[in-house]
Amino acid sequence: MGLLHLTETQQEIQRLARDYAQRELAPLAGERDRESRFDRAMITQMAELGFLGMLIPEQYEGLGLDAQSYLLALEEIAVGDATAAVTLSVHNSLPTQMILNFGNEAQRTAFLPRMARGEWLGAFALSEPEAGSDAGSLRTQAVRDGDHWVLNGTKAWVSHGNEAQVILCMARTDSPDARRGSKGISTFILTPDLPGFHLTKKENKMGLRASPTLQIVLDNCRVPADRLVGEEGKGLTYALGSLDHGRLGIAAQAVGIARAALEASARYMTERKQFGQPIADFQAIQFKLADMATRITAARTLLHTAAAAKERGERVTRFSSMAKLFATETAMWVTTQAVQIYGGYGYVTDYPVERHMRDAKVTEIYEGTSEIQRIVIARETLAAAAAADGSLPD
């Protein structure tokens, strides 16, 4: 943490999150993983500590904190339990921010205070069974019917979809015979009480097993017209804009997972003996630890550099993709090295590093795969270079 210049408030938030994560989350993280059990008590606890309203302004009962404070807390939560971190990240980065930035005042007043208090958990429904990286190909259809919109379609990979009370859902509002591509997609606020809203398949996942991932089927789901967020046809623009923030959250989660693996490895190295001495005495093992620590520090520094730029009001699409790409691939590499350090014990569930490795993998996939991040980075870099008369940007 030494390379980051933190304010006293940020240090206190970091300590608060770390103490909570190590006291309440870490001891039962393995048990929740084995049982694939979402613990609603975590939501209550994190809400009481203010973590569910960190980015919501005070006028809507949030804390109105800066992005770096939020990311510091998120990393600490991820060290304790990555599943709690993904819940926190999705809630803070996507639905609350979309309502705040693109919703009207009535929507902000109706939803944000209860989301800040943790009474309502937020979720995000963009992907579909046949529309993942190509979000513009989604098929869920919304048709206006008087003072309602009627939605039909299936949304996939909805994190904690069965636990959420507020779901930001993208659907097509153009007509099937006059498609407008990405400009034909709008955003709606769904709640589980709406007629035609059905939770279906719960995925049996490799990692993040205590965070449920659902499919949602919309069968003539009637959504009040005042649940349309912003302008019709701009939903995908809103979603992709919010993903800049979401990708920083996933990067922080990845740094936390990697750090948990590093810390577990360092402890194990001093305890495990081979050839009559702790394996920490062997240079080959020391080099692994050095490379792990270096990559984690680099990932964290890139993440907070991007967050600082965001706080200054700069456009951070390229940097958020860089942070997400580097942090998530770092997490996967570090956790693989941790399993190697543990040897055979790293391959069994008695030790935490196999769980960290499983949890790390999905960070390279959701909220934009590593391949998508590379496309974004290359596109943004080429555009910046062209704007700067051919010279590469900083």
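**Pockets and a buried helix**

In the lining of the second largest pocket, six residues are nonpolar, seven are polar and six are charged. The structure is a predicted model. The volume of the second largest pocket is about 340 Å³. Three elements, α5, α7 and α8 (283-311), each give two or more residues to the lining of the second largest pocket. The largest share, five residues, comes from α7. Of the 19 residues that line the second largest pocket, Gln-97, Asn-101, Gly-241, His-245 and Lys-310 lie nearest its centre.

Helix α5 (residues 95-102) is largely enclosed by the rest of the structure, because six of its eight residues are buried. Buried here means under 20% relative accessible area. The buried residues of α5 are Pro-95, Thr-96, Gln-97, Met-98, Ile-99 and Leu-100.

The largest pocket has a volume of about 1,100 Å³. Its lining is made up of 41 residues, and those nearest the centre are Ser-127, Ile-365, Tyr-366, Glu-367 and Gly-368. At least two lining residues of the largest pocket are supplied by each of α4 (82-93), β3 (148-159), α7 (235-271), α10 (353-363) and α11 (370-387). In the largest pocket, α7 provides the largest share of the lining, five residues. Sorted by class, the lining of the largest pocket holds 18 nonpolar, 13 polar and ten charged residues. Helix α7 therefore gives the largest share of the lining in the largest pocket and in the second largest pocket.

Key. Residues numbered from 1 in each chain as written. Predicted model: local features only at pLDDT ≥ 70, side-chain atom pairs only at ≥ 80, totals over all residues. Heavy atoms only, no water. Buried < 20%, exposed > 50% of the residue type's maximum accessible area, 1.4 Å probe, protein only. Helix = DSSP H or I, 4+ residues; strand = E, 2+ residues; numbered from the N terminus. 1 Å grid on protein atoms, 1.4 Å probe; cavity = no way out; pocket = protein on both sides within 12 Å on 5 of 7 lines; lining within 4 Å. Points joined across faces, edges and corners; volume = space filled by probe spheres on them. Nonpolar A, V, L, I, M, F, W, Y, C, P; charged D, E, K, R; others polar.
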